[in-house]
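Hi everyone, thanks for coming.

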Amino acid sequence: MSDLMEKLVSLCKRKGFVFQSSEIYGGLNGCWDYGPLGVEVLRNIKESWWRSMTYREDIEGLDSSILMHARVWEASGHVAGFTDPMVEDKKTNERYRLDQLLEENGEDVNGMGLEAMIQRALESGLKSPKGNELSEARQFNLMFKTFVGPLEDDSARIFLRPETAQGIFVNYLNVQSSMRKKLPFGIAQIGKAFRNEITTKNFLFRTREFEQMEMQYFVKPGMQDKYFDYWREERWNWYSSIGLPENKLSWHEHQGDELAHYASAAFDIQYEFPFGSGEIEGIHNRSNFDLSQHEEFSGKKLKYFDEESREKYVPNVIETSIGASRTTMACLVNAYYEEDVKGDTRVVMRFHPQIAPMKVAVLPLVKRDGMPELAKKVTENLRRFFRVVYDDSGAIGRRYRRMDEIGTPFCVTIDSESLENATVTVRDRDTMDQQRVQITGLRSHIDAEMESWNLST
Ligand code: GAP
């Protein structure tokens, strides 16, 4: 793990952002728990996405169940095709993804199918990371299997959803008719997805349980290229609102065999992680693949009736699919910053204020002379609008540093002057500059500062 990643993972645990799942039992690979601060960051990201996607005329929200009819995954192609190429170390029996091993060996596997990868592995004499012989590659299905009801036989076998999208497809006519939607319209959903990844690594980047934020946009056949371009631009522009700068983002276009079984075109938005560029979102042209498959497998008509042209047809779908957990990781990586202040290292999590877990800290300068009492009043007042933390323990400098480490954008300090003229100082996390502000004007001051932060990014 890189130096930065090690520092970040350690800070995440120490400060309550992210804990290892089932840690006291030695952990469960590929699963993480969001602590008190991590859950705030995750929720802020989800809220920002939800607002940008559903606070508009043409998109409705949905929360479909994780468990679905088994036939859904036959129709969607996941039973047959949702696989990764797996090889085994012949000595240790450890399992690896063939494409990842090839990449780690400097091979470009972009657009390569299984056969081509096997060929490349043979030609290059690929060995396991432990230097041992590898087994023959086979395709491994990533869906978690379970049983519904008390009988554990094939007829009761179902899957944990590997994407939230299918809940949207099977509900598209319910949403369309209940909300009287006309094409083009979209359905947005946030929820857990599960993939039995062969290898998990890089902290929250590749996990077995994660959260997705997906939107399916249903369009008239022929309009898919126009909306593909539209959604690529919309999605790219959203990232600045959560503080991920354009210079850390890039596009990656899927080629050939790299395209998922459902996609006729796909672009990823990648973030520059310490371990290299990694996909955080995919924008896919899914054509009418999923709806047509569900028509065939369910035997139910899923055609849209176009009142203008009096035609019936299966719409095409443009999908935007982003990992909430991966985006949280990108925001954590992006925020981590160290600087030298008078010979000391100051660690600052420079979150966008909208994403920061705590927006304001209220700090009485000393624990006497009525300062804690006034500080508690100020805290209660501000809590009606913001997530606020009250802290009166330790030297003020130490308290500022604690807030810097968790990325609190504003520290409000109550000092002796506050008791005399009802003013406080507001310290800016990034510049460390302080301004004196009337207590009655605190809320609008903080609002204005958050707003101007938006403008300056
Ligand atoms: N419905 C389309 C779909 O699921 P995907 O590219 O497989 O597309 C979309 O996944 C997003 O879900 C990815 O861009 C990533 O952010 C997130 N994601 C996928 N697998 C993940 C994993 N194992 N751990 C964390 N996030 C993951």
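Let's begin at the ligand, with Arg286: an N or O atom in the side chain of Arg286 sits 3.3 Å from a nitrogen atom of the ligand. Before I go on, please keep in mind that this is a predicted model.

Glu279 brings a polar side-chain atom to 2.6 Å from an oxygen atom of the ligand. Phe205 takes part through its backbone, where a polar atom is 3.3 Å from a nitrogen atom of the ligand. And how much of the ligand does the protein bury? On its own the ligand would expose 560 Å², and the protein buries 94% of that.

Now let's step back to the whole shell. The ligand is surrounded by 20 residues, and the closest of them are Glu163, Glu197, Thr207, Glu214 and Glu279. Sorted by class, the shell holds 10 charged residues, along with 5 polar and 5 nonpolar ones.

Which strands each supply at least two residues of that shell? They are β10, residues 209-219, β13, residues 276-287, and β16, residues 316-323. The top contributor is β13, which gives 5 residues.

Helix α2 covers residues 36-54 and helix α9 covers residues 224-238; they pack at an angle of about 145 degrees, and their axes are 11 Å apart. The crossing of α2 past α9 is right-handed.

If you look in the loop between α8, residues 172-178, and β9, residues 185-194, you will find Pro184. Leu183 and Pro184 are joined by a cis peptide bond, with omega at about -5 degrees.

The other detail is Ser22, in the loop between β1, residues 18-20, and β2, residues 32-34.

Thanks, everyone!

How values were computed: Residues are numbered from 1 along each chain as its sequence is written. This is a predicted model: local features need pLDDT of at least 70, side-chain atom pairs count only at pLDDT 80 or more; totals for chains, interfaces and linings use all residues. Side-chain values use heavy atoms; hydrogens and water are left out. Axes are lines fitted to C-alpha atoms, for helices over the stretch in contact, and angles run from 0 to 180 degrees between N-to-C directions. Helices (H or I, at least four residues) and strands (E, at least two) are DSSP runs, numbered from the N terminus. A crossing is left-handed if the near helix is turned anticlockwise from the far one by less than a right angle, and right-handed if clockwise. A residue is near a molecule or strand if one of its heavy atoms lies within 4 Å of it. A polar contact is a pair of N or O atoms within 3.5 Å; within protein, one must be able to donate a hydrogen and the other to accept it, and residues adjacent in sequence count only if both atoms are side-chain atoms. Accessible areas come from the Shrake-Rupley method with a 1.4 Å probe; for residues, only the protein chains shown count as cover. Ala, Val, Leu, Ile, Met, Phe, Trp, Tyr, Cys and Pro count as nonpolar, Asp, Glu, Lys and Arg as charged, and the others, Gly among them, as polar.
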